[in-house]
Amino acid sequence: MGCCSGRCTLAFICGMQLISILERQIFDFLGYQWAPILTNFVHVIMVILGLFGTVQFRPRYVTGYAVWLVLWVTWNVFIICFYLEVGDLSKDQDLIMTFNISMHRSWWMENGPGCRVTPVTPPPSWAPEDHRYISISGCLLEYQYVEVAHSSLQILLALAGFIYACYVVKLISEEEDSFDFIGGFDSYGYQGPQKTSHLQLQPMYMSK
């Protein structure tokens, strides 16, 4: 019963992770955030493997999923520090999120709740010709805090997933050990006592 409950809970957590990361992936695509896009794609694969291992009693897959969650938490902590500009990090650096191949920012920068986008004319002389120069005002929630909220949710789900992944691996291992104990006699070629027949065959003589 405990194994079923733990596996069901872990499967539910994996489902929540898939839903939340697919939602995040959509907005990262809209904002051309290439580093998060690649990392999200790897996360989707690892969550699917973890879900498969949970359903099919594959402890190695669940263990690999748990190890990945440690890296996933580390990445999301970095994202939080990046958008909150902790230390020398700056959210205006193009190299980190877009690999310095575009000047795009988070999709939430222009499309956040209450944000009003106003084109600036004429654009500054340093602005590229194929890019527009805009002014953003009136946002109820700044885009960096939206990104921090996304990463915080991923960290909470990852911590819950890690705890239940370790629990499920432990339960599956205990079940495998119990099965080995029950079938131990078969592995040593044990055979139960066989009944012997006490009926003896007597020769038959036919008279001519």
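The dialogue below reads a predicted model feature by feature, from its overall fold to its local details.

Colleague: What should I know about the model before reading it, and how is it numbered?

Modeller: This is a predicted model, in which local features need pLDDT of at least 70 and side-chain atom pairs count only at pLDDT 80 or more, while totals for chains, interfaces and linings use all residues. Residues are numbered from 1 along each chain as its sequence is written, and side-chain values use heavy atoms, with hydrogens and water left out.

Colleague: How should I read the confidence, and where is it lowest and highest?

Modeller: pLDDT is the predictor's confidence in each residue, from 0 to 100, and where it is low, the predicted coordinates should not be read in detail. The mean for this protein is 80, with 71% of its residues reaching 70 or more. Confidence is highest in helix 3, at a mean of 95, and lowest in helix 7 (residues 184-187), at 45. Over residues 184-190 pLDDT stays under 50, and for this stretch the model has 1 contact beyond four places in sequence, a contact being heavy atoms within 4.5 Å.

Colleague: What does Thr39 touch?

Modeller: Thr39, in helix 2, counts as buried at 16% relative accessibility. Not counting residues up to four places away in sequence, Thr39 touches Trp68, Trp72 and Trp75.

Colleague: Which residues form the disulfide, and which parts of the chain does the pair tie together?

Modeller: A disulfide is a pair of cysteine sulfur atoms within 2.5 Å, and the structure holds 1, formed by Cys115 and Cys139 with their sulfur atoms 1.9 Å apart. Cys115 lies in the loop between helix 5 (108-111) and strand 1 (116-119), and Cys139 in the loop between strand 2 (134-137) and helix 6, so the pair ties together parts that are 24 residues apart in sequence. The torsion about the S-S bond is about 125 degrees, so the disulfide is right-handed. Both cysteines are buried.

Colleague: How many aromatic pairs does a search of the whole structure find?

Modeller: Rings of Phe, Tyr and Trp (its six-membered ring) pair if their centres lie within 6.5 Å; planes under 30 degrees apart count as stacked, over 60 as edge-to-face and the rest as tilted. The search finds 11 pairs. Phe82 and Tyr83 form an edge-to-face pair, 5.1 Å centre to centre and with 80 degrees between the planes; Phe82 is buried at 1% relative accessibility, and Tyr83 at 6%. Trp107 and Trp108 have ring centres 5.0 Å apart and planes at 80 degrees, so that pair is edge-to-face. Trp107 is partly exposed at 24%, whereas Trp108 is buried at 15%. One aromatic cluster is formed by Trp75, Phe78, Phe82, Tyr83 and Tyr143.

Colleague: Where are Tyr32 and Phe57 found, and what is phi in each?

Modeller: Most residues other than glycine have a negative phi. Tyr32, in the loop between helix 1 and helix 2, has a positive phi near 55 degrees and is partly exposed at 36% relative accessible area. Phe57, in the loop between helix 2 and helix 3, has a positive phi of about 60 degrees and is partly exposed at 35%.

Key. Helices (H or I, at least four residues) and strands (E, at least two) are DSSP runs, numbered from the N terminus. Buried means under 20% relative accessible area, exposed over 50%, partly exposed in between (1.4 Å probe, protein chains only).
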